[in-house]
Amino acid sequence: MKVSIFTAVIVLIVGLYDIAYAYNRRYRNHNHGVTPFMILGVIFTISGLVLIIMHWVK
């Protein structure tokens with residue numbers, strides 16, 4: 001499967017942004033709505049790392 005490094009980096013950035021957004025939002029709304037962003041951030045970050053590894057291994 002051919003993986004573009006650009007796509008992998010974008011997915012990784014989106015995951016890290018979601019984690020940062022959830023981390024910064026945790027005190028504002030008394031933890032309402034933080035969990036979905038944290039879960040999505042972890043999923044996107046892991047997916048981005050897997051895509052980068054797939055790009056290098058080929």
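Guide: Let's start at Y21, which is partly exposed, with a relative accessible area of 34%. For these labels, buried means under 20% relative accessible area, exposed means over 50%, and partly exposed is in between, using a 1.4 Å probe and protein chains only. Please keep in mind that this is a predicted model: local features need pLDDT of at least 70, side-chain atom pairs count only at pLDDT 80 or more, and totals for chains, interfaces and linings use all residues. Residues are numbered from 1 along each chain as its sequence is written, and side-chain values use heavy atoms, with hydrogens and water left out.

Now look at the ring of Y21 together with F37. They form an edge-to-face aromatic pair, 4.8 Å centre to centre with 65° between the planes. Rings of Phe, Tyr and Trp (its six-membered ring) pair if their centres lie within 6.5 Å; planes under 30 degrees apart count as stacked, over 60 as edge-to-face and the rest as tilted. Y21 lies in helix 1 and F37 in helix 2, so this pair ties together parts that are 16 residues apart in sequence. Helices here are DSSP runs (H or I, at least four residues), strands are DSSP runs too (E, at least two), and both are numbered from the N terminus. As for F37, it is partly exposed, with a relative accessible area of 27%.

A search of the whole structure finds 2 aromatic pairs. In the pair of Y17 and Y21, the ring centres are 6.4 Å apart and the planes are at 20°, so this pair is stacked. Y17 and Y21 are 4 residues apart in helix 1, which means about one helical turn separates them. Y17 counts as exposed, because its relative accessibility is 56%. Put together, ring pairs link Y17, Y21 and F37 into a cluster.

Next, follow helix 1 to R25. This residue is buried, with a relative accessible area of 18%. Leaving aside neighbours within four places in sequence, R25 is in contact with H32, G33, V34 and F37, where contact means heavy atoms within 4.5 Å. From C-alpha to C-alpha, R25 and F37 are 9.7 Å apart in space, and they are 12 residues apart in sequence.

Let's step back to the nonpolar core. The largest one has 6 residues: V3, A8, V11, L12, L51 and I52. Such a core is a set of buried Ala, Val, Leu, Ile, Met, Phe, Trp, Tyr and Cys residues joined through side-chain atoms within 4.5 Å. Helix 1 (5–25) and helix 2 (34–57) are the elements that give two or more residues to this core, and helix 1 gives the most, with 3 residues. Look at V11 in particular: not counting residues up to four places away in sequence, V11 touches F44, S47, G48 and L51.

Buried residues make up 24% of its 58 residues. An unreviewed UniProt entry lists residues 6–24 and 36–57 under "transmembrane region"; such annotations may be inferred rather than shown by experiment. In the model, residues 6–24 are 100% helix, with end C-alpha atoms 27 Å apart. Residues 36–57 are also 100% helix, and their end C-alpha atoms lie 31 Å apart.
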